[in-house]
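This report gives a short account of one protein chain. Please look over the sequence and the model before reading on.

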Amino acid sequence: MKPSKTRTPGARKSQEMPAAVTRRGFLNGLWAVLGLAALAEFLWLAVSFLRPAKPGRTESQADAVVTAGALATFAPGTVTAFQNGAFYLVRLEDGGLLALSCKCTHLGCTVPWVEKEKKFLCPCHASAFDITGSVISSPAARPLDTFTVTVENNIVKVDTGRRFKRSGFDSGQPVYPPKARS
Ligand code: FES
């Protein structure tokens, strides 16, 4: 009698196993590499975002005055980020201008403006600041620092060469553009 050539399901599986393992292993490896690349990119972006601005850039350079732009481009109630000078130009509802430092006064993380909530929200330890830079939530103990704003010929300029610390916001801090003569 001739021996039967029938295979049991287990025997067939074991013969196909090496190819399946190889394909699966390759795909797993590919996913692992793609996952690591995505993680690395995310970490790089997170570090870039959270790293405080380079110290000294604004302290001593002669070109510390940043031309922000034409006054008319800053509508009341808006916040405009200037990454080159690491500041926000705030146009208050009453037309006043404030230049606020992007650095959190707690430990120096970069603080983004969250338009939806109309607040500066620090991602590091959850300090919050209102549009004037005043503290809404600790641990930050004092408002965002300011820079000097000037308006000449309807052009707004910010001197990032010197940062001013404040204990609070008062009406003397915003700069009001000279009224246009009729
Ligand atoms: S650095 Fe902003 S809350 Fe700590």
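## Basis of the model

This is a predicted model, in which local features need pLDDT of at least 70 and side-chain atom pairs count only at pLDDT 80 or more, while totals for chains, interfaces and linings use all residues. Residues are numbered from 1 along each chain as its sequence is written, and side-chain values use heavy atoms, with hydrogens and water left out.

## The chain as a whole

Helices (H or I, at least four residues) and strands (E, at least two) are DSSP runs, numbered from the N terminus. Along the sequence, the order is α-β-β-β-β-β-β-β-β-β-β.

Of the 182 residues in the chain, 31% are buried. Buried means under 20% relative accessible area, exposed means over 50%, and partly exposed lies in between (1.4 Å probe, protein chains only). The accessible surface of the chain is about 12100 Å², and carbon and sulfur atoms account for 59% of this surface. Such areas come from the Shrake-Rupley method with a 1.4 Å probe; for residues, only the protein chains shown count as cover.

Strand S4 spans residues 97-101, and five of its five residues are buried.

S4 pairs in the antiparallel sense with strand S3 (residues 87-91) over five bridges; two strands pair if DSSP finds at least two bridges between them. Leucine 98 in S4 is the bridge partner of valine 90. The hairpin of S3 and S4 has five residues between the strands, and glycine 95 there takes a positive phi near 95 degrees. S4 also pairs in the antiparallel sense with strand S9 (residues 146-152), over two bridges. Here alanine 99 stands opposite phenylalanine 147 in S9.

## Salt bridges

There are two salt bridges in the structure. A salt bridge is a side-chain nitrogen of Lys or Arg within 4 Å of a carboxyl oxygen of Asp or Glu. One joins glutamate 115 and lysine 118, with the closest N and O atoms 2.3 Å apart. Glutamate 115 is partly exposed at 42% relative accessible area, and lysine 118 is partly exposed at 43%.

Arginine 142 forms a salt bridge with aspartate 145, where the closest N and O atoms are 2.5 Å apart. Arginine 142 is partly exposed at 24% relative accessibility, whereas aspartate 145 is buried at 7%.
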